[in-house]
Amino acid sequence: MAVLSWHAPDLLATHPPSQGDTPTWRLLLDDGTTEDADLVVGADGAWSRIRPALSDATPAYTGVTFIETGFEDCDTRHPDLARIVGNGTLLATADGKALLAQRNGNGYIRVHVAFRAPRDWQVAADVAPDDTAAVRAHLLKMFDGWDENLRYLLRHHDGGFVNRPVFVLPAPHTWEHVPGITLLGDAAHLMPPVGLGANLAMLDGTDLAHALLAESSIDGAVRAYEHLMLPRSAQAAQDCAEALDNLIPPTDS
């Protein structure tokens, strides 16, 4: 049995399944080579190349953008910030905007600035995304009046800013079962980044692995896995959408 997760430009069934069988799938790869597999797992993220074999759904912009930056060696170079963030996450939200700072490993603190705006907000703001000084000035104006301990996140970070518009798949995202192909993680249930996505991806992988060991056929394993994953991810996507709206309320609310 070949079990592959692959970025594939095309996916063809090399022979149709007989009753109760799983087809062999041939993946046509970017370099012109092919790989045959009894099971293809689309674990290739938000813009999955495997998803179109199961679903016509495509990610849509939520209206919320995160801008990412961070601080290196925080405990030594930014001790006050390190103390405020502690060993977890700092969250401050007001007026439809939020600042988030999360402790990572090796003294790094990851920062996200979150707000509702058109996807091309830089155009209206007349800001080039790679112009760190201009983006900083725009964000400082956006967060005018906030406590200076919070505005520190915008003034003294290391490196530039990374624009991260938030995309989601429809919720619920489901598909008709296709023998020999399935999805996991963001490829299956892309949702707002409010704490569930990575955990669900790991749980998906665990459930699929267990099903492959427990069931007598690949098709039975995929059906058992999807029976668990699809309703679970539908509920999680709804919960995450509500969490995003609570964090950054829609402008018409």
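Buried here means under 20% relative accessible area, with a 1.4 Å probe and protein chains only. By that cut-off, 43% of the 253 residues are buried. This is a predicted model: local features need pLDDT of at least 70, side-chain atom pairs count only at pLDDT 80 or more, and totals for chains, interfaces and linings use all residues. Numbering starts from 1 along each chain as its sequence is written, and side-chain values use heavy atoms, leaving out hydrogens and water.

Start with the cartoon view. The C-alpha trace spans about 65 × 40 × 35 Å along its principal axes.

Next, select Leu99, Val113, Leu139 and Leu153. Within the largest nonpolar core, which has 26 residues, these four touch the most other members. Such a core is a set of buried Ala, Val, Leu, Ile, Met, Phe, Trp, Tyr and Cys residues joined through side-chain atoms within 4.5 Å. Now colour β9 (109–116), α4 (132–142) and α5 (148–155), which are among the elements that each supply at least two residues of this core. The largest share, four residues, comes from β9.

Which residues is Leu99 in contact with, leaving aside neighbours within four places in sequence? Contact means heavy atoms within 4.5 Å, and the partners include Leu90, His112, Val113, Trp146 and Leu153.

Note on methods:
Buried means under 20% relative accessible area, exposed over 50%, partly exposed in between (1.4 Å probe, protein chains only).
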